[in-house]
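Welcome! Please take a moment to look over the sequence and the 3D structure before reading on.

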Amino acid sequence: MGGDHDHGDMQNTPESRLWIAFGLTGSFMIAEVIGGIVTNSLALISDAMHMATDAMALAIALIAIKVGRRAADLLRTYGYARFEILAAAFNALLLLGVAFYILYEAYERLSKPTEIASLGMLVVAVIGLAVNFISMRLLTGHKDNSLNVKGAYLEVWADMLGSLGAIAGALVIWFTGWQWVDSLIAVGIGFMVFPRTWVLLKECINILLEGVPPGMDLAEVEEAIATVPGVASLHDLHLWAITQSKASLTAHAVLAEGADGETVRQAIEARLQEKFDLHHTTLQMERESCAPLERIH
């Protein structure tokens with residue numbers, strides 16, 4: 001017995017916008033790699049590497065959309081929507097790896113500063129900022145509906161910070177000649193990336209481990225069901241999410257004497273939908289509990 005069985009949230013994913021962002025990011029990434037090598041700027045190279053991960057994140061997001069829209073089959077009864085979460089987790093790990101590499105490279109350069117072509121660095125960074133801003137705006141309205149899009153958004157966001165840092169660094173080097181500022185900016189970019197990337201990875205891990213979705217309290221959900229008229233007790237309650245926007249619930253409800261099972265089930269579903277926006281529920285109504293006494297709540 002259950003409610004809405006729409007498992008995926010890929011229909012809300014802006015595929016056309018992802019393609020535009022991918023085209024912009026991929027094209028400029030090549031230009032920025034060349035610019036970083038020519039100007040000898042680690043900040044630009046750092047930004048270019050983030051651009052590369054952005055392009056990969058967007059490519060993986062597009063692949064995840066195609067795979068996630070595949071219909072459920074006999075082997076995968078929930079469909080392929082969770083491929084989105086695997087892709088988002090991979091993006092987070094990739095971005096963390098790049099950030100660690102940039103920190104290491106910056107440490108090496110701080111001990112051996114190199115000559116930076118600040119004017120060229122400034123021009124490339126300004127163009128990069130414009131490209132990142134456009135890409136970020138394309139994804140902003142949809143990042144909270146999909147962890148996959150959120151992963152791509154965070155990488156573009158981090159890259160925009162990198163462009164801002166590169167612009168600031170280029171100006172400082174131009175006016176002061178302090179070459180070490182380039183490495184300092186690269187370190188700053190790396191440390192700004194970590195917290196947001198860790199939050200994304202933690203959300204992905206929670207979903208993959210069938211954890212309670214963020215913003216939901218299992219005790220509150222249990223109380224809401226247990227206080228529905230006609231429910232004597234509740235056990236085997238599970239709350240998890242297939243993808244970020246698709247929470248699911250299963251539970252066994254023991255009926256009070258004289259209660260009608262279908263009426264009680266409909267009342268529980270109505271309360272869950274109204275109070276928690278839970279639409280995918282599977283409820284087993286029982287006259288006698290099938291659970292050991294110690295598991296009954």
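This report looks at charged pairs and then at a nonpolar patch.

Keep in mind that this is a predicted model.

**Charged pairs**

Side chains of opposite charge can pair when their charged atoms come close. The structure holds two salt bridges, and here they are:

| Salt bridge | Closest N to O distance |
|---|---|
| Glu262 and Arg265 | 2.6 Å |

Is Arg265 buried or exposed? Arg265 has a relative accessibility of 10%, so it counts as buried, because buried means under 20%. Glu269 is also counted as buried, at 9% relative accessibility. Glu262, in contrast, is partly exposed, with a relative accessible area of 35%.

**A nonpolar patch**

Now turn to the surface. Leu119, Val123, Ile127, Leu171, Trp174 and Phe175 form a nonpolar patch there, and together they have about 620 Å² of accessible area. Two elements give two or more residues to this patch: helix H4 (118–140) and helix H5 (147–176).

Take Ile127 as one example from the patch. Ile127 is found in helix H4, and it is partly exposed, with a relative accessible area of 43%.

Definitions and conventions
Residues numbered from 1 in each chain as written. Predicted model: local features only at pLDDT ≥ 70, side-chain atom pairs only at ≥ 80, totals over all residues. Heavy atoms only, no water. Patch = residues over 30% accessible without salt bridge, like charges linked within 9 Å, V, L, I, M, F, W, Y side chains within 5 Å. Areas by Shrake-Rupley, 256 points an atom, 1.4 Å probe, with all protein chains shown as cover. Salt bridge = Lys/Arg side-chain N within 4 Å of Asp/Glu carboxyl O. Helix = DSSP H or I, 4+ residues; strand = E, 2+ residues; numbered from the N terminus. Buried < 20%, exposed > 50% of the residue type's maximum accessible area, 1.4 Å probe, protein only.
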